[in-house]
Amino acid sequence: MVFAEIAENGKFAPGKLAATLLTTVEEVAQTAGLSRDAVARKARAGTPKTQMRLREMVEILTRVSPRFGSDLLAYAWYRSVPLAGYGEVTAMRLVKDGRAEAVHRYLDRLDAGIHA
């Protein structure tokens with residue numbers, strides 16, 4: 001995922017991110033753990049909290065995309081595959097709960113060859 005393709009004025013643009021992932025802005029909000037208003041209104045989309053959640057989601061998608069060969073497959077994994085060792089919750093659920101770092105630790109273990 002290329003930042004320039006999903007950003008406007010140096011910030012993540014929910015509409016562009018949704019277009020890249022072939023989904024809706026509402027679904028981007030839901031998968032990042034944000035309200036619909038947080039991404040639908042320009043003033044709210046640029047707030048630090050909204051930008052942080054979008055950044056966390058994009059960082060994870062960017063990190064796993066090479067494993068799956070596309071951003072769309074990475075997005076499907078993010079939303080639906082339970083992560084062993086984390087109560088069988090998905091990466092999406094961890095990000096929604098403010099635990100994006102746990103997803104990075106999981107991926108670090110996989111990269112090191114340790115069964116997560």
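Reader: What am I looking at, and how is it numbered?

Author: This is a predicted model, where local features need pLDDT of at least 70 and side-chain atom pairs count only at pLDDT 80 or more, while totals for chains, interfaces and linings use all residues. Residues are numbered from 1 along each chain as its sequence is written, and side-chain values use heavy atoms, with hydrogens and water left out.

Reader: How many salt bridges does a search of the whole structure find?

Author: The search finds nine. A salt bridge here is a side-chain nitrogen of Lys or Arg within 4 Å of a carboxyl oxygen of Asp or Glu.

Reader: Which residue forms a salt bridge with glutamate 26?

Author: Arginine 36 does, and the closest N and O atoms are 3.1 Å apart. Arginine 36 lies in helix H3 (residues 36-40) and glutamate 26 in helix H2 (residues 25-32), so the pair ties together parts that are ten residues apart in sequence. Helices are DSSP runs (H or I, at least four residues), as are strands (E, at least two), numbered from the N terminus.

Reader: What about glutamate 56, which side chain does it meet in a salt bridge?

Author: Glutamate 56 meets arginine 53, with 3.8 Å from N to O. Both sit in helix H5 (residues 48-68), three residues apart, and are therefore separated by about one helical turn. Glutamate 56 is buried at 12% relative accessible area, and arginine 53 is buried at 11%.

Reader: And aspartate 108, what does it pair with?

Author: Aspartate 108 forms a salt bridge with arginine 63, at 2.5 Å from N to O. Aspartate 108 lies in helix H8 (residues 100-111) and arginine 63 in helix H5, so this pair ties together parts that are 45 residues apart in sequence.

Reader: Switching topic. What volume does the largest pocket have?

Author: About 240 Å³. A pocket is worked out on a 1 Å grid over the protein atoms alone, as an open set of points where a 1.4 Å probe fits, with protein on both sides within 12 Å along at least five of seven lines; lining residues have an atom within 4 Å of a point. Grid points are joined across faces, edges and corners, and the volume is the space filled by probe spheres set on the points.

Reader: Which lining residues are the closest to its centre?

Author: Of the 15 residues that line the largest pocket, those are Glu8, Phe12, Pro14, Lys42 and Ala45. Strand S2 (11-12), helix H1 (14-20), H3 and helix H4 (42-45) each supply at least two residues of the lining.

Reader: How do the lining residues divide by type?

Author: Seven are nonpolar, four polar and four charged. Ala, Val, Leu, Ile, Met, Phe, Trp, Tyr, Cys and Pro count as nonpolar, Asp, Glu, Lys and Arg as charged, and the others, Gly among them, as polar.

Reader: How many aromatic pairs are there?

Author: The count is three. Rings of Phe, Tyr and Trp (its six-membered ring) pair if their centres lie within 6.5 Å; planes under 30 degrees apart count as stacked, over 60 as edge-to-face and the rest as tilted. Phenylalanine 68 and tryptophan 77 have ring centres 6.1 Å apart and planes at 35°, so they are tilted. Phenylalanine 68 is partly exposed, with a relative accessible area of 33%, whereas tryptophan 77 is buried at 9%. Tyrosine 86 and tyrosine 106 have ring centres 6.4 Å apart and planes at 70°, so that pair is edge-to-face.

Reader: Last one, where is histidine 104 found, and what is it in contact with?

Author: Histidine 104 is in helix H8, and at 14% relative accessibility it counts as buried. Leaving aside neighbours within four places in sequence, histidine 104 is in contact with Glu59, Ile60 and Arg63, where contact means heavy atoms within 4.5 Å.

Definitions and conventions: Buried means under 20% relative accessible area, exposed over 50%, partly exposed in between (1.4 Å probe, protein chains only).
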